[in-house]
Amino acid sequence: MEAYDLIVVGAGPAGLAAGLYAGRSRLNTLVMESMMPGGQAAVTDALENYPGVGLISGPELTQRMLEQMNEFGAELATGEVTGIDARDGEFFVVAGGEERRSRALIAAMGTRYRRLGVPGENEFAGRGVSYCATCDGPFYKEQEVAVVGGGDSALQEALFLTRFASKVYLIHRRDEFRAVPVLGERVRAHDSIECLCSHVLKSIKGESGVDSLELLNKKTDETRELAVPGVFIFIGLEPRTDLLRGVVELDEAGFVPTDQDMKTNVRGLLAAGDCRVKALRQVSTAVGDGATAAFTAYRYVEEGEW
Ligand code: NAP
């Protein structure tokens, strides 16, 4: 069984930064990722708030992070992690039927978009229901689409979709957006976005793909049909921490509580990025978490400090 000083599970910005800092500290480090490296940032069209970089595409920024991590010697392994266990002061990670062990582990598994749970959502997932505007937006050139949600994700992706779609309906259950004001201002000022505030999506209808949405106006209690071939759902995030259940303490929503050094309640096990309990989920805060977690892991592996 291959043994490492440190295994990082997840190669989003938190995991890549952890790999970079751990590699640079000469820890024998493996970063494991089931999909492409870069996490949610890699499917974000444009980032404009990563300090010092200016406007950059998510794929470009995360590719640079990966290259920089590789330069410092951390290894990337691609394959779905199917098991994580803590035994006798060590960690065991299973992927592709192979088990690897490490002295410290950083959980950086990030989040996935939450499902709405309305009729038609599962049935038409991938056939008109999408959780990724970067992936599926180009399919809707000169067509009308809908976005559900009122947070940063929904507003940012609605703006992005105006590059392809002739019109974007933004369906939000309240009148005020949760998103930062700058996004709200851009959305409200955009000619191709129509805000359907105080509306909720009741069901998604179609035959081979999505044909229409059933909407309820919460103020008038009236329902209406909105004919669109695509709906993008951005109603928040849920942590990808299923494999940590029973291994480490999780909060009610499944996020990992940590202290300021990224330590969890299990010695040697740290968490970084969107999957941990925190107030601000950004690439910049994920990178800070990853660096801190790697530093704490170094002190634990080399000096036994916890
Ligand atoms: P979020 O901030 O949790 O917002 C979720 C939105 O979906 C809210 O407007 C919420 O409505 C709505 N919602 C939740 N459940 C719903 C339901 N069952 N039916 C209808 N609407 C529902 O999630 P997010 O936008 O995905 O953002 C997650 C985190 O990533 C945030 O910390 C955000 O700042 C960050 N992020 C940042 C950027 C950026 O900085 N550019 C971009 C993307 C994401 P209510 O408002 O009524 O609760």
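Biologist: Let's begin with the ligand. How many residues surround the ligand, and which are the closest?

Modeller: Remember that we are looking at a predicted model. The ligand is surrounded by 19 residues, and the closest are Asp152, Ser153, Gln156, Arg174 and Arg178. Helix H4, residues 152-161, gives the most to this shell, with three residues.

Biologist: What classes of residue make up the shell around the ligand?

Modeller: Count them by class: nine are polar, six are charged and four are nonpolar.

Biologist: Which atoms lie 2.9 Å from an oxygen atom of the ligand?

Modeller: For a polar contact, look for a pair of N or O atoms within 3.5 Å. Here, a polar side-chain atom of Arg173 lies 2.9 Å from a ligand oxygen, and an N or O atom in the side chain of Gln282 is 2.9 Å from a ligand oxygen. The backbone can take part in such a pair too: an N or O atom of the Gly150 backbone lies 3.0 Å from an oxygen atom of the ligand.

Biologist: How much of the ligand does the protein bury?

Modeller: Start with the ligand taken alone, which exposes 910 Å². The protein buries 77% of that area.

Biologist: Now the second largest pocket. What is its volume, and which residues line it?

Modeller: The volume of the second largest pocket is about 240 Å³. Its lining includes Pro13, Leu16, Tyr50, Leu61, Arg64, Gln68 and Val287. By class, that lining has ten nonpolar residues, one polar and one charged.

Biologist: Which helices each supply at least two residues of that lining?

Modeller: They are H1, residues 13-24, and H2, residues 58-71. H1 gives the most, with five residues.

Terms used. Residues are numbered from 1 along each chain as its sequence is written. This is a predicted model: local features need pLDDT of at least 70, side-chain atom pairs count only at pLDDT 80 or more; totals for chains, interfaces and linings use all residues. Side-chain values use heavy atoms; hydrogens and water are left out. On a 1 Å grid over the protein atoms alone, a cavity is a set of points where a 1.4 Å probe fits but cannot get out, and a pocket is an open set with protein on both sides within 12 Å along at least five of seven lines; lining residues have an atom within 4 Å of a point. Grid points are joined across faces, edges and corners, and a volume is the space filled by probe spheres set on the points. Helices (H or I, at least four residues) and strands (E, at least two) are DSSP runs, numbered from the N terminus. Ala, Val, Leu, Ile, Met, Phe, Trp, Tyr, Cys and Pro count as nonpolar, Asp, Glu, Lys and Arg as charged, and the others, Gly among them, as polar. A residue is near a molecule or strand if one of its heavy atoms lies within 4 Å of it. A polar contact is a pair of N or O atoms within 3.5 Å; within protein, one must be able to donate a hydrogen and the other to accept it, and residues adjacent in sequence count only if both atoms are side-chain atoms. Accessible areas come from the Shrake-Rupley method with a 1.4 Å probe; for residues, only the protein chains shown count as cover.
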